[in-house]
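I set out to record what can be looked up in this structure, beginning with the overall layout and ending with individual side chains.

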Amino acid sequence: MLQLQAADQAAGGGNYSFLLILVLLFGFMYFVMIRPQQKRRKEALQMQNTLGPGDEIVTIGGLHGTVVLAETDTVTIEIAPGVQVRFARPAIARVLTKAGTVSEEPVPADEPLADEPESPVTETRKQD
């Protein structure tokens with residue numbers, strides 16, 4: 001009889017430890033998966049809500065363009081001179097440059113970025 005009571009107490013303690021492990025697992029999942037996803041979603045909504053004419057953007061499909069008109073639910077984008085398309089706001093993946101910001105002048109491709117030493121490797125080809 002005494003052994004049965006000890007076995008019941010041990011089994012009862014096992015139920016609480018399982019419940020504790022389950023709660024810890026859900027807590028871990030919340031901090032590792034759910035919370036960062038909510039943060040990314042909030043940042044994306046803020047970015048989409050601050051879109052304005054002149055912003056250079058990229059859509060989720062990879063289409064680059066410039067915002068011409070930003071309405072409540074849609075954004076009109078110019079993808080080529082005279083070619084405008086409408087997208088839903090959630091289809092905007094990221095903003096490359098905001099209107100009014102000064103971007104750096106690109107360096108021409110024919111000018112070297114720094115003084116680079118010439119390569120010691122020389123290429124020789126046979127002429128036929």
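**Notebook: layout, hairpin, aromatic pair**

I first read the order of elements along the sequence and noted the pattern α-β-β-β-β-β. I keep in mind that the model is predicted.

I next looked up how the chain is covered. Of its 128 residues, 13% are buried. I noted an accessible surface of about 11,100 Å² for the chain, and carbon and sulfur atoms hold 59% of that surface.

I then turned to contacts along the chain. Among contacts with a separation of 6 or more, 38% join residues 24 or more positions apart.

Which strands did I examine for pairing? I took strand 3, residues 74-80, and strand 4, residues 83-88, which pair in the antiparallel sense. I recorded six bridges between strand 3 and strand 4. Within this pairing, I found T74 opposite A88 of strand 4. The two strands form a hairpin, with two residues between them. In the turn I noted G82, whose phi is positive, at about 85°.

I finally searched for aromatic pairs and found one in the structure. Its members are Y30 and F31, arranged edge-to-face.

I list F31 as exposed, since its relative accessible area is 53% and the cut-off for exposed is over 50%.

Conventions. Residues numbered from 1 in each chain as written. Predicted model: local features only at pLDDT ≥ 70, side-chain atom pairs only at ≥ 80, totals over all residues. Heavy atoms only, no water. Pairing = 2+ DSSP bridges. Helix = DSSP H or I, 4+ residues; strand = E, 2+ residues; numbered from the N terminus. Buried < 20%, exposed > 50% of the residue type's maximum accessible area, 1.4 Å probe, protein only. Contact = heavy atoms within 4.5 Å. Areas by Shrake-Rupley, 256 points an atom, 1.4 Å probe, with all protein chains shown as cover. Phe/Tyr/Trp six-rings, centres within 6.5 Å; stacked < 30°, edge-to-face > 60°.
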